[in-house]
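Visitor: I have a chain open in the viewer. Could you walk me through its contacts, step by step?

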Amino acid sequence: MSKFEFFERRKFEIFHVKWKVIMGMVFLLSILGACRDYDETPVFQAEGYLIGHHPCVRDATVTTSKGEGKGYLVATTGANPDTLMLFGVATDMFDVPLEWHNSLGYFFPEAGRQIFKMSFSYQKSQENIGLQYPCNAFLPLYHLLRYADPEYIVLKAEKIN
């Protein structure tokens, strides 16, 4: 084997090894990228106002995977209005009267429902926060069930005046 053939063969071997390393990295990055996409929960944007609270949680500050805050029943506005059980609203964002939380019902008085407005981003919760709090047996929870499942977590919220 001549010197020239030796060096040409060596270049080919180095190229072959580099090619395998690059293709291996591309494969791993594609696998990791695909796994990451499936783990992410969609994020939604909305505007709305407070209409009530979870009767078992009441005025308690709850801890979610995204932080701490209050839990409220929120009516969204816009093209597709909805009612959401939303946890993690900043504790200092609204000054909701304490007697509204201590009533046996879970809706705020009709006159006060559109006072507390906000825009927010949120996502579906997997935590079942409402079930972590004991509830009085005589509360009429069957009306709340249509709003309490699924629960949602606030990612970011701003008060609207």
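What follows is a short exchange of questions and answers about this chain.

Guide: Before we start, this is a predicted model, where local features need pLDDT of at least 70, side-chain atom pairs count only at pLDDT 80 or more, and totals for chains, interfaces and linings use all residues. Residues are numbered from 1 along each chain as its sequence is written, and side-chain values use heavy atoms, with hydrogens and water left out.

Visitor: What pattern does the chain follow along the sequence?

Guide: Helices (H or I, at least four residues) and strands (E, at least two) are DSSP runs here, numbered from the N terminus. The chain has three helices and six strands. Read along the sequence, they give α-β-β-β-β-α-β-α-β.

Visitor: Which share of the contacts in the chain with a separation of 6 or more comes from residues 24 or more positions apart?

Guide: A contact here means heavy atoms within 4.5 Å. Among contacts with a separation of 6 or more, the share from residues 24 or more positions apart is 75%.

Visitor: And what percentage of the residues is buried?

Guide: Buried means under 20% relative accessible area, exposed over 50%, and partly exposed in between (1.4 Å probe, protein chains only). The chain has 161 residues. Of these, the buried part is 32%.

Visitor: How do strands β5 and β6 pair, parallel or antiparallel?

Guide: Two strands pair if DSSP finds at least two bridges between them. Strand β6 (residues 151–160) pairs with β4 (residues 83–89) over three bridges, in the parallel sense, and Leu86 has Tyr152 as its bridge partner in β6. With β5 (residues 117–124), β6 has eight bridges, and the sense is antiparallel.

Visitor: Which residue in β6 is the bridge partner of Ser121?

Guide: Ser121 lies in strand β5 and counts as buried because its relative accessibility is 10%. Leaving aside neighbours within four places in sequence, its contacts include Val43, Phe44, Gln45 and Ile153. Its bridge partner in β6 is Lys156.

Visitor: How far apart in space are Val74 and Met118, C-alpha to C-alpha?

Guide: Val74 sits in strand β3 and is buried, with a relative accessible area of 0%. Not counting residues up to four places away in sequence, Val74 touches Gly48, Leu86, Met118 and Phe120, among others. Val74 and Met118 are 44 residues apart in sequence, and their C-alpha to C-alpha distance is 9.5 Å.

Visitor: Let's do the rings. What is the angle between the planes of Trp100 and Phe108?

Guide: Rings of Phe, Tyr and Trp (its six-membered ring) pair if their centres lie within 6.5 Å; planes under 30 degrees apart count as stacked, over 60 as edge-to-face and the rest as tilted. The structure holds eight aromatic pairs. The centres of Trp100 and Phe108 are 5.2 Å apart, and the pair is tilted because the planes are at 40°.

Visitor: Which residues do ring pairs link into a cluster?

Guide: Trp100 and Phe108 are both buried, and both belong to the cluster. Its members, linked by ring pairs, are Tyr72, Phe94, Trp100, Phe108 and Phe116.

Visitor: Which is the relative accessible area of Tyr122?

Guide: Phe120 and Tyr122 form a tilted aromatic pair, 5.4 Å centre to centre with 45° between the planes. Phe120 counts as buried at 3% relative accessibility. Tyr122 is buried too, with a relative accessible area of 10%.

Visitor: Which residue meets Glu110 in a salt bridge?

Guide: The whole structure has two salt bridges. Glu110 is exposed, with a relative accessible area of 63%. At 3.3 Å, N to O, its side chain meets that of Arg113.

Terms used: A salt bridge is a side-chain nitrogen of Lys or Arg within 4 Å of a carboxyl oxygen of Asp or Glu.
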